[in-house]
Amino acid sequence: MFDEYAKKLKELEQDVPKIFKKVAKKGAIKFVNEAQDRTDREGLVDTGAYKRNWQARPIEPMPDVYGVECQNNMEYASFLEYGHRTRGNTKVKGRFVGELSIRETEYYCVQELEKALEKAYKQK
């Protein structure tokens with residue numbers, strides 16, 4: 001199975017970087033949409049600032065390595081994400097909106113990458 005996959009990648013060697021960049025861009029868009037939807041589903045929308053601050057961008061940290069950088073720069077985002085204790089020492093559970101959105105985006109990117117590689121392979 002992997003030998004066949006490696007053979008396909010070798011044949012597409014020139015196209016692979018473009019395909020990876022395209023999937024990373026789609027992944028960034030998917031992450032923001034997923035995080036905003038999860039924010040709504042979790043009922044974390046008060047003023048909307050937390051929801052609007054979900055950001056993602058495709059990155060290439062090293063040559064031929066692609067990814068998506070995801071973040072929320074609101075000062076209280078980490079408290080909503082991972083939970084916290086109140087002054088009365090009660091614990092507020094984290095909602096893990098970013099974490100779950102990243103997992104969903106990873107799954108989406110793998111599917112999109114497979115589709116894009118198969119499409120490019122069929123065109124050759």
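The chain folds into five helices and four strands, where helices (H or I, at least four residues) and strands (E, at least two) are DSSP runs numbered from the N terminus. Their order along the sequence is α-α-α-β-β-α-β-β-α. With a radius of gyration of 18 Å, well over the 14 Å that the globule rule gives for 124 residues, the chain is more spread out than a compact globule; the radius is taken over C-alpha atoms, and the rule is 2.2 Å times the number of residues to the power 0.38.

A word on the basis: this is a predicted model, in which local features need pLDDT of at least 70 and side-chain atom pairs count only at pLDDT 80 or more, while totals for chains, interfaces and linings use all residues. Residues are numbered from 1 along each chain as its sequence is written, and side-chain values use heavy atoms, leaving out hydrogens and water.

Here are some values for the whole chain.

| Property of the chain | Value |
|---|---|
| Span of the C-alpha trace along its principal axes | about 65 × 25 × 25 Å |
| Buried residues | 27% of the 124 residues |

Now for a closer look at one residue. Glu112 sits in helix α5 (residues 97-123) and is buried, at a relative accessible area of 13%. Leaving aside residues up to four places away in sequence, Glu112 touches Val23 and Lys26, contact being heavy atoms within 4.5 Å.

Definitions and conventions: Buried < 20%, exposed > 50% of the residue type's maximum accessible area, 1.4 Å probe, protein only.
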